[in-house]
Amino acid sequence: MLELRHRGSCPGPREAVSPPHREGEAAGGDHETESTSDKVSGAERGGRRALAGSWLEAGHLRARVGPVQRQETDIDDRYGDLDSRTDSDIPEIPPSSDRTPEILKKALSGLSSRWKNWWIRGILTLTMISLFFLIIYMGSFMLMLLVLGIQVKCFHEIITIGYRVYHSYDLPWFRTLSWYFLLCVNYFFYGETVADYFATFVQREEQLQFLIRYHRFISFALYLAGFCMFVLSLVKKHYRLQFYMFAWTHVTLLITVTQSHLVIQNLFEGMIWFLVPISSVICNDITAYLFGFFFGRTPLIKLSPKKTWEGFIGGFFSTVVFGFIAAYVLSKYQYFVCPVEYRSDVNSFVTECEPSELFQLQTYSLPPFLKAVLRQDFANTIPGHGGIMDRFDCQYLMATFVHVYITSFIRGPNPSKVLQQLLVLQPEQQLNIYKTLKTHLIEKGILQPTLKV
């Protein structure tokens with residue numbers, strides 16, 4: 001008598017398979033003398049789905065079950081293939097490989113694993129921060145490309161997890177359709193951005209005018225084509241799994257593409273709305289790690305056993321202090337506080353404006369009890385860091401918060417956008433708007449009515 005194994009292939013149709021024993025029962029016994037009902041109930045508890053195919057092929061089950069059990073068997077016959085593979089059949093995700101450069105491995109070979117990880121994280125952190133400063137210096141367009149590149153990499157990391165499961169069933173088109181939907185969604189969002197911020201440039205190009213005018217219809221048609229391809233890719237008896245993967249793709253798009261689009265929207269409102277949130281998250285990651293490394297003793301949550309309360313509290317206060325300092329320094333420069341606008345006359349982005357009162361130092365009076373308190377003194381993609389998504393999951397949430405904050409409390413009417421929209425209108429429409437605006441200004445007393453001769 002063979003026993004079921006948790007790892008390995010399912011038994012063949014002609015192998016003798018003993019049903020799993022109930023908890024508390026003896027392991028021995030001759031399963032040939034057991035009643036059929038015991039066999040079925042035991043298989044239900046121990047994984048009937050994994051064994052149904054072999055028993056059906058052997059012809060034993062249909063011959064020995066009653067009417068109720070036969071009805072259950074028919075249901076399994078119809079839907080059993082959806083779940084006929086157990087968790088042991090799905091390939092495990094291989095552990096991430098060590099991508100640490102060999103030169104670092106040799107230089108740090110004499111250190112313990114704890115300090116080796118410390119130096120690897122530190123060196124690569126400084127490298128990434130330096131590159132980030134270089135990209136900031138290169139301007140807004142390069143920052144947009146950076147956001148797009150991070151978005152694509154995060155999408156790749158998440159979708160690969162689903163592909164490892166999906167590919168094991170030898171079903172078609174999942175990865176192709178996933179990347180196709182990524183292109184469709186990016187086309188929609190970036191097209192909206194072009195229509196909002198590059199209207200004067202689009203007005204000079206007839207081909208772009210057509211694309212912008214029918215942008216949403218084209219985007220919908222592209223998505224509909226992808227949906228039709230998904231329907232054509234459906235394989236009988238695997239519908240549920242394929243819809244799982246279809247949903248997986250769309251949730252991934254929601255996490256990565258939608259929120260990275262909000263990052264770019266924040267960038268157009270002024271680089272400070274891009275840099276302060278991002279650098280605050282980076283500061284929190286670094287300081288929480290440092291406090292946890294040197295002072296961490298108390299585990300924070302079981303989900304992340306390496307995180308400690310000491311690191312959490314140290315990172316929190318450090319981030320608050322950093323946020324005040326970063327906002328104070330950046331608010332002094334037009335390059336960071338002015339909205340990013342595209343100037344057609346120079347064919348480039350410009351950040352020139354008169355900074356609003358929002359970015360000027362203000363004096364606020366604190367409640368008396370706070371004054372008394374404040375008078376007292378207070379004492380794998382990336383080695384060592386994990387994947388790209390590990391570094392940017394909080395960035396996406398922060399981008400959403402900043403976008404909601406800007407639209408709720410900061411953003412006001414934008415004259416340049418209104419002017420761009422007016423220039424796209426037909427001459428008759430522009431003239432009607434001019435007459436309406438002139439009448440309104442005369443009624444408000446801002447303009448004097450012209451005297452008729």
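In which helix is the place of T287? T287 is found in helix 13, where helices (H or I, at least four residues) and strands (E, at least two) are DSSP runs numbered from the N terminus.

The model is a predicted one, in which local features need pLDDT of at least 70, side-chain atom pairs count only at pLDDT 80 or more, and totals for chains, interfaces and linings use all residues. Residues are numbered from 1 along each chain as its sequence is written, and side-chain values use heavy atoms, with hydrogens and water left out.

**Confidence**

The pLDDT, which is the predictor's confidence in each residue from 0 to 100, averages 75 over the protein, and 70% of the residues score at least 70. Over residues 1–91, however, the pLDDT is below 50, and this stretch has 89 contacts in the model beyond near neighbours in sequence, a contact meaning heavy atoms within 4.5 Å.

Relative accessible area is used here to sort residues into buried (under 20%), exposed (over 50%) and partly exposed (in between), with a 1.4 Å probe and protein chains only. T287 has a relative accessible area of 14% and is therefore buried. Its side chain reaches the backbone oxygen of N284 at 3.5 Å, where a polar contact is a pair of N or O atoms within 3.5 Å, of which, within protein, one must be able to donate a hydrogen and the other to accept it, and residues adjacent in sequence count only if both atoms are side-chain atoms. Leaving aside neighbours within four places in sequence, T287 is in contact with G314, G315, S318 and T319.

S178 belongs to helix 8 (residues 174–197) and is buried, its relative accessible area being 1%. A polar atom of the S178 side chain lies 2.8 Å from the backbone oxygen of F174, and S178 also touches F155, I159 and T249 when residues up to four places away in sequence are not counted.

Q242, in helix 12, is likewise buried, with a relative accessible area of 1%. Q242 and F174 are 68 residues apart in sequence, yet their C-alpha atoms are 8.3 Å apart in space. With residues up to four places away in sequence not counted, Q242 touches Y166, L171, F230, S233, L234 and V235.

**Cysteines and the disulfide**

A search of the whole structure finds one disulfide, defined as a pair of cysteine sulfur atoms within 2.5 Å. This disulfide joins C338 to C353, with an S to S distance of 2.0 Å. The pair links distant parts of the chain, 15 residues apart: C338 sits in the loop between helix 15 (334–337) and strand 1 (341–343), and C353 in the loop between strand 2 (348–350) and helix 16 (368–374). The torsion about the S-S bond of C338 and C353 is about -90 degrees, so the disulfide is left-handed.

| Cysteine | Relative accessible area | Class |
|---|---|---|
| C338 | 0% | buried |
| C353 | 26% | partly exposed |
| C184 | 7% | buried |
| C228 | 41% | partly exposed |

**Nonpolar cores**

A nonpolar core is a set of buried Ala, Val, Leu, Ile, Met, Phe, Trp, Tyr and Cys residues joined through side-chain atoms within 4.5 Å. The largest one has 30 residues, and those with the most contacts inside it are L143, I272, F274 and L275. Among the elements that give two or more residues to this core are helix 6 (113–138), helix 7 (140–167) and helix 17 (388–410), while helix 13 gives the most, with six residues. L275 is in contact with F132, I136, L330 and F336, leaving aside its neighbours within four places in sequence. A second, separate core of 17 residues includes Y163, L171, M245 and L253.

**Aromatic pairs**

Rings of Phe, Tyr and Trp (its six-membered ring) pair if their centres lie within 6.5 Å, and planes under 30 degrees apart count as stacked, over 60 as edge-to-face and the rest as tilted. By this rule the count comes to 27 aromatic pairs. F230 and F246 form a stacked pair, 4.2 Å centre to centre with 25 degrees between the planes. This pair links distant parts of the chain, F230 being in helix 11 (residues 215–232) and F246 in helix 12, 16 residues apart.
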